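Below is a short briefing on one protein model.

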Amino acid sequence: MPETTPQGRLRLAFGGDYNPEQWPESVWQEDVRLMREAGVTMVSVGIFSWALLEPEPGAYTFGWLDRLLDLLHEHGISADLGTPTVAPPAWFYRAHPDALPLNREGVRYAFGSRGAICHSSPAYREAAAGITTELARRYATHPALAMWHVHNEYGVPVSACYCDTCAAHFRRWLDARHGSVEAVNEAWGTAFWGQRFASYEQIDPPRLTPTTGNPAQQLDYRRFADATMRENFVSERDILHRLAPGVPVTTNFMTALSQCDTVDYWAWGREVDLVTNDHYLITDGRRTHVNLAMAADLTRSVAGGAPWLLLEHSTSGVSWQPRNPAKRPGEMARNSLAHVARGSEGALFFQWRQSRRGAEKFHSAMLPHAGTDSRVWREVVALGADIGSLAPPRGTRTVPDVAMLWDWQSWWAQALEWRPSEDHDARERADSFYEALYDRHLTVDFAHPEADLSAYPLVVVPALYLTTEAAGRNLRTYVENGGTLVVSYFSGIVDEHDAVHEGPYPGALRDALGLTVEEWSPLGEGETVRIAGPGEASLTADVWTEFVVPRGAETVWTYADGPAAGGPAVTRHRLGEGTAWYVSSRLDPAALDTILGAAGEDAGIAPRTGLPRDVEVVRRSGDSGAYLFAVNHTAHDTKVPLDTPGTELLGGEHVSGHLAVPAGGVRVVRLDA
């Protein structure tokens with residue numbers, strides 16, 4: 001994907017979703033005045049405006065949007081202009097009720113929310129193309145236009161529909177993917193439970209069944225649903241490219257594993273001109289800043305390492321979780337600049353002015369109900385000034401240390417029914433391995449299992465249940481060529497059709513790991529085992545154990561008790577010029593640190609000393625220079641060692657030897673050449 005930025009922008013973007021249609025036009029003048037005061041450079045508009053732009057079929061009312069875009073341009077604010085196709089009007093659904101999605105239970109969703117769309121509906125596709133075409137014709141050359149924003153958060157809240165229209169579309173998709181109904185039978189293993197199909201017409205979506213349905217069929221349907229949404233995005237994108245050439249086209253992702261599990265973002269990242277992302281803190285008791293860093297790293301990786309853009313996050317609390325605490329003083333700026341450190345070309349929010357009505361009226365905003373005499377507003381203005389000081393890093397790339405493999409399709413497959421333990425969760429393993437790497441102060445790139453990994457000294461595989469033969473060969477070659485690999489349990493098990501690889505577990509990875517697994521023995525709820533290591537070292541594990549048989553690997557840690565007592569728990573395999581580690585039970589991040597420390601020694605990664613926990617140090621580098629971002633998530637002032645002196649961009653002072661970072665603060669240093 002080419003590196004693309006919104007046209008006409010020479011500084012980092014700052015702003016948010018702007019929904020002026022919720023307010024009298026007399027408020028707009030005040031809005032743009034306050035936007036200028038806050039340092040806003042770009043706003044997203046029109047995302048939910050279909051009913052206003054096309055109040056009845058084929059009748060368009062663009063006057064209000066004309067006036068809005070003109071007003072923004074007069075005040076030096078650019079527009080991320082939405083195609084409003086996430087929210088078709090009431091008249092559309094009245095005319096086409098079958099465009100509302102049908103769930104697996106056969107219940108059709110009703111109008112009145114958002115994202116309730118059957119993406120296979122010909123009527124929807126035609127109407128979406130129509131409004132997109134009209135917008136492109138009218139605004140392609142408007143001076144306020146910075147980029148196009150297609151739809152909104154694909155896959156949330158509904159990705160799959162199970163109606164008859166989708167059934168027919170699914171059959172066509174299957175033919176294109178597999179080539180024949182015989183190939184579908186082979187891929188799905190329909191000889192099991194007598195599920196064989198004689199023709200495509202006999203194949204329906206995986207609707208509700210008395211017990212678990214065919215897992216390969218369910219996996220293919222998730223692929224189909226994702227591909228169908230992407231078809232609609234590409235259709236709108238191509239219209240915009242044709243009618244507004246040179247203007248970047250995006251759609252806002254939700255890459256955080258805590259927020260969306262229905263979209264294969266590796267595939268989507270190849271289709272947008274600029275990767276953008278929405279991220280919201282999940283207040284579930286976890287360290288929220290670690291989830292933020294992980295989402296930012298994942299977004300940057302989907303962008304192929306290129307700069308991307310944080311298109312939505314919140315100034316303070318949100319409105320849709322069980323409990324929605326306010327952000328603490330300074331947390332909004334810290335969140336924003338942590339995203340910038342990890343590759344974002346700015347920070348935008350949902351939304352500019354807090355809504356008085358509707359489902360998100362308690363969701364925080366840049367301009368809150370409390371008005372300008374409020375902590376949130378003062379922090380917004382201060383952040384706008386800081387963002388304005390950070391133009392130099394624009395266009396640079398975040399510098400990674402290690403890679404973590406992640407595959408959404410493997411996650412989908414692992415999450416299907418009848419797996420060995422409901423306590424084993426792919427997202428939990430990814431979170432835990434990432435947290436352990438974060439606490440070692442390592443910046444993580446994510447990579448697809450079949451991607452080129454040669455640039456990384458260490459590659460971590462937290463959960464790769466579905467592993468293609470190509471991925472298995474890729475990882476073996478990586479190790480043979482000198483890489484260090486760390487693989488967690490229940491990886492390498494099935495192929496792309498959810499069929500168990502021939503031979504012993506772990507299937508596609510057994511050669512790289514130098515071992516086989518005879519059986520799994522998941523643990524009971526709350527049950528733990530002890531793992532003994534070198535000297536008197538001991539770790540506690542839970543959820544999972546295995547009967548591991550080394551086939552060239554050496555045993556480093558041993559089960560001290562539990563079902564596999566006396567057997568290997570953690571192994572190390574020398575293969576070619578590299579090493580492959582295998583962890584056969586669930587360790588928490590603190591215990592994983594021990595294993596990753598040993599693997600890091602194999603990889604030649606020196607420990608990052610002198611950095612306290614929850615102080616992250618990330619580098620960006622490019623033609624304009626090298627930059628160090630230090631983000632202090634603690635309540636204590638700290639000092640970060642500086643190998644190279646430089647100028648701190650937010651304060652202007654020259655620093656050397658060490659960098660003082662106040663409690664809860666952020667510092668950005670342009671390092672001397």
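Which strand is joined to β6, and by how many bridges? The partner is β7 (residues 276-278), which runs parallel to β6 and is joined to it by 2 bridges. The model is a predicted one.

- In general, the strands of a sheet pair through backbone hydrogen bonds, in either a parallel or an antiparallel way.

**Helix α10**
- Helix α10 covers residues 288-302, 15 residues in total.
- From first C-alpha to last, α10 reaches 21 Å, close to the 21 Å expected at 1.5 Å a residue.
- Because 15 of the 15 residues of α10 are buried, the helix is largely enclosed by the rest of the structure.
- G304 follows α10 and has a positive phi, near 70°.

**Nonpolar surface patch**
- F192, W193 and W418 make up a nonpolar patch on the surface.
- Together, F192, W193 and W418 have about 440 Å² of accessible area.
- W193 sits in the loop between α7 (181-188) and α8 (215-243).
- W193 counts as partly exposed because its relative accessibility is 47%, and the cut-off for exposed is over 50%.

**Loop residue V399**
- V399 belongs to the loop that lies between β10 (397-398) and β11 (402-405).
- With a relative accessibility of 34%, V399 counts as partly exposed.
- V399 and R619 are 220 residues apart in sequence, yet their C-alpha atoms are 5.5 Å apart in space.
- Apart from neighbours within four places in sequence, V399 contacts T443, R619, R620 and S621.

**Loop residue Y505**
- Y505 is part of the loop between β14 (484-488) and α16 (510-513).
- The relative accessibility of Y505 is 22%, so this residue counts as partly exposed; buried would require under 20%.
- I493 is 12 residues from Y505 along the chain, and the two C-alpha atoms are separated by 6.2 Å.
- Not counting residues up to four places away in sequence, Y505 touches I493, V500, L515, T516, V517 and W520.

How values were computed
Residues numbered from 1 in each chain as written. Predicted model: local features only at pLDDT ≥ 70, side-chain atom pairs only at ≥ 80, totals over all residues. Heavy atoms only, no water. Helix = DSSP H or I, 4+ residues; strand = E, 2+ residues; numbered from the N terminus. Buried < 20%, exposed > 50% of the residue type's maximum accessible area, 1.4 Å probe, protein only. Contact = heavy atoms within 4.5 Å. Pairing = 2+ DSSP bridges. Patch = residues over 30% accessible without salt bridge, like charges linked within 9 Å, V, L, I, M, F, W, Y side chains within 5 Å. Areas by Shrake-Rupley, 256 points an atom, 1.4 Å probe, with all protein chains shown as cover. Salt bridge = Lys/Arg side-chain N within 4 Å of Asp/Glu carboxyl O. Expected span 1.5 Å × (residues − 1).
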